[in-house]
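Let us take a friendly walk through a protein model together. Have a look at the picture first, and then read on.

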Amino acid sequence: QVQLVESGGGLVQAGGSLRLSCVASGRTFSTEGVGWFRQAPGKEREFVAAIKWSVGITYYADSVKGRFTISRDRAKNTVFLQMNSLQPEDTAVYYCAARRYGVPMRVDEVAYWGQGTQVTVSP
């Protein structure tokens, strides 16, 4: 099993920034890709960004490309999501996610989920 713990969510005004962190523990060697999903009230959980752990290749949803940056600290088993130019549309619970093989870009590909951290962007 892999445990994922997110932190860094909060309330910001439109145009502001937040940096989310996700610390992985347990059998972290059993995952190849780590990413972020988000879910707004009444909406489907959607892909935000992902990174191939070993080589750092990144992937982004079109809605966040150019505003969000995913990165990782391999020594600390931590993945980050730097979110800039936040918009009210970004308001959601953000979940860290890991896939055993490949990069998690669909909900059904995710093997492990974090508990989620709330991001609220006010107008």
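Helices (H or I, at least four residues) and strands (E, at least two) are DSSP runs, numbered from the N terminus. From the N terminus on, this protein reads β-β-β-β-β-β-β-β-β-β-β, which comes to 0 helices and 11 strands. The model is predicted: local features need pLDDT of at least 70, side-chain atom pairs count only at pLDDT 80 or more, and totals for chains, interfaces and linings use all residues. Residues are numbered from 1 along each chain as its sequence is written, and side-chain values use heavy atoms, with hydrogens and water left out.

**The protein as a whole**

The C-alpha atoms fill a box of roughly 40 × 30 × 25 Å along the principal axes. The radius of gyration is taken over C-alpha atoms, and the globule rule is 2.2 Å times the number of residues to the power 0.38. For 123 residues, a compact globule would come out near 14 Å, and the protein's 13 Å agrees with that.

How much of the protein is buried? Buried means under 20% relative accessible area, exposed over 50%, and partly exposed in between (1.4 Å probe, protein chains only). Of the 123 residues, 45% count as buried. The protein exposes about 6300 Å², and carbon and sulfur atoms supply 49% of that area; accessible areas come from the Shrake-Rupley method with a 1.4 Å probe, and for residues only the protein chains shown count as cover.

Contact means heavy atoms within 4.5 Å. Among contacts between residues at least 6 apart in sequence, 57% join residues at least 24 apart.

Two strands pair if DSSP finds at least two bridges between them. An open sheet of 4 strands has the order β1-β3-β8-β7, and its pairing is antiparallel. Why is one side of β1 and of β7 left without a neighbour in the sheet? β1 (2–7) and β7 (68–73) stand at the edges with a single partner strand each, so one side of each has no neighbour there. Neighbouring strands of this sheet are turned by 20° against each other on average, direction ignored; the axes behind such angles are lines fitted to C-alpha atoms, for helices over the stretch in contact, and angles run from 0 to 180 degrees between N-to-C directions.

Here are the pairs, each with an example of residues that face one another:

| Strand pair | Bridges | Example |
|---|---|---|
| β1 and β3 | 6 bridges | E6 and C22 |
| β3 and β8 | 6 bridges | V23 and T78 |
| β7 and β8 | 6 bridges | S71 and F80 |

β7 and β8 also form a hairpin with 4 residues between them, and N77 in the turn has a positive phi of about 50°. Strand β8 (residues 78–83) is mostly covered, with 5 of its 6 residues buried.

Start with S21, which lies in strand β3. S21 is buried because its relative accessible area is 17%. Leaving aside neighbours within four places in sequence, S21 is in contact with V5, E6, S7, W36, T78, V79 and F80.

Next, look for V110 in the loop between β9 (92–99) and β10 (112–113). Is V110 buried or exposed? At 14% relative accessibility, V110 counts as buried. Again leaving aside neighbours within four places in sequence, V110 is in contact with F37, A97, A98 and P104. V110 and Y59 are 51 residues apart in sequence, and their C-alpha atoms are 15 Å apart in space.
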